[in-house]
Amino acid sequence: MKLTGVEKCLFPGTLEEAAEILEHEGDNAAVVGGGLGIITARESAPGTLIFLEKIPLKYIKKEQNHLKVGARTSLSEFMNSPVLEKYLSGKVRSAMEGISTHLIRNQITLGGAVAGRAPYSDIVTLLMALRAKVVLRGQAGQKILSIDEYYGDFQDIRRQYIIEEIQLPEYEGDFAFAMERFTRNATDITLLNMAVLVKIEIGKVEEASVTVGSRPEPAYRFPEGEEFLKGKALSEDLARLFEDFVREKVDVRGDFRISEDYRRHVSGVFARRIVESLGGAS
């Protein structure tokens with residue numbers, strides 16, 4: 001833990017005030033939602049810490065065809081919310097139950113996971129597959145971006161805006177979701193993860209959202225995989241074909257934890273398992 005160099009700890013009462021401080025302090029400031037990102041950072045902390053604990057950003061509600069989650073809502077609070085029980089047949093909740101430990105899920109906030117964009121983050125992979133939106137607050141007012149747009153201009157946006165809320169579309173009808181992750185134990189970082197959302201129309205995949213993370217770079221959308229699934233019926237044959245396709249095409253690398261070949265092999269296994277799971281849900 002390194003918190004050397006901290007000169008000011010500020011506790012604004014509104015998002016507008018927090019955004020004004022961020023704009024004024026620039027790169028010398030960091031926004032603190034739950035605090036885990038700051039205390040585990042390898043670099044020294046910035047001179048100014050902007051704590052959001054006085055701002056009411058802990059909530060979960062259904063509104064305008066979205067699940068709206070305040071940025072300071074912890075993973076545990078989100079996971080245990082009644083609104084998540086039926087969301088995508090409870091598959092998202094089930095996926096989150098395997099992420100890290102109770103203690104860490106109590107500390108990590110949804111906004112912090114998005115803003116931190118850790119390469120090994122399971123939450124980022126999950127939210128990208130679900131096509132989440134990021135609600136931001138800055139000096140220029142409120143802005144809503146898709147999570148892909150947010151990460152497209154990540155560094156500049158982080159300097160100007162504070163995450164206010166994460167929104168998840170309410171998927172109804174023939175949508176199905178599945179996620180796989182590979183880790184040595186609950187407290188270790190994830191070595192690979194993959195999440196897939198599909199819409200089934202007349203027995204075939206009409207839309208697909210495929211993301212892969214901890215590869216070891218940050219999560220990315222896998223467009224070739226999405227195109228591969230479109231127009232095909234979920235079946236055991238498709239599961240085997242998707243396994244081979246992903247193993248050949250997915251963008252993964254090796255690092256000191258596992259080799260590229262092994263990460264590629266596991267990617268294929270995950271692809272097969274996910275299609276089998278989605279087929280069972282359709």
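Reader: What should I know about numbering and confidence?

Author: Residues are numbered from 1 along each chain as its sequence is written. The model is predicted, so to speak of local features takes pLDDT of at least 70 and side-chain atom pairs count only at pLDDT 80 or more, while totals for chains, interfaces and linings use all residues; side-chain values use heavy atoms, with hydrogens and water left out.

Reader: Into which domains is the chain divided?

Author: Domain bounds come from an automatic or database domain assignment. Here they give domain 1 (8-50), domain 2 (60-169) and domain 3 (175-280). The C-alpha centres of domain 1 and domain 2 are 19 Å apart. Contact means heavy atoms within 4.5 Å. By that test, 13 residues of domain 1 touch 14 residues of domain 2.

Reader: How do I read a pocket, and what is the volume of the second largest pocket?

Author: Work on a 1 Å grid over the protein atoms alone. A pocket is an open set of points where a 1.4 Å probe fits, with protein on both sides within 12 Å along at least five of seven lines. Points are joined across faces, edges and corners, and the volume is the space filled by probe spheres set on them. The second largest pocket comes to about 260 Å³.

Reader: Which residues of its lining lie nearest the centre of the second largest pocket?

Author: Lining residues have an atom within 4 Å of a point. There are 17 of them, and Lys 86, Tyr 87, Leu 88, Ser 89 and Tyr 171 lie nearest the centre. Helix 4 (82-85) and strand 9 (175-182) are the elements giving two or more residues. Strand 9 gives the most, with three. Domain 2 and domain 3 each supply at least three lining residues.

Reader: How does the lining of that pocket divide by residue class?

Author: Ala, Val, Leu, Ile, Met, Phe, Trp, Tyr, Cys and Pro count as nonpolar; Asp, Glu, Lys and Arg as charged; the others, Gly among them, as polar. The lining has ten nonpolar, two polar and five charged residues.

Reader: How many residues of helix 8 are buried?

Author: Helices are DSSP runs (H or I, at least four residues), as are strands (E, at least two), numbered from the N terminus. Buried means under 20% relative accessible area, exposed over 50%, partly exposed in between (1.4 Å probe, protein chains only). In helix 8 (122-129), eight of eight residues are buried. Among them are Asp 122 and Thr 125. At its start, a side-chain oxygen of Ser 121 comes within 3.2 Å of the backbone nitrogen of Ile 123. After the helix comes Arg 131, with a positive phi near 60°.

Reader: Why does Arg 137 count as buried?

Author: Its relative accessibility is 18%, so Arg 137 counts as buried. Arg 137 sits in strand 6 (133-138). A polar contact is a pair of N or O atoms within 3.5 Å; within protein, one must be able to donate a hydrogen and the other to accept it, and residues adjacent in sequence count only if both atoms are side-chain atoms. The side chains of Arg 137 and Glu 164 make one at 3.3 Å.

Reader: Is Lys 68 buried or exposed?

Author: Lys 68 is buried, at 7% relative accessible area. It belongs to strand 5 (66-70). A 3.0 Å polar contact links its side chain to that of Gln 64.

Reader: Where is Thr 14 placed?

Author: Thr 14 lies in the loop between strand 1 (8-10) and helix 1 (15-25). At 35% relative accessibility, Thr 14 is partly exposed. Its C-alpha is 5.6 Å from that of Ile 55, which is 41 residues away along the chain.
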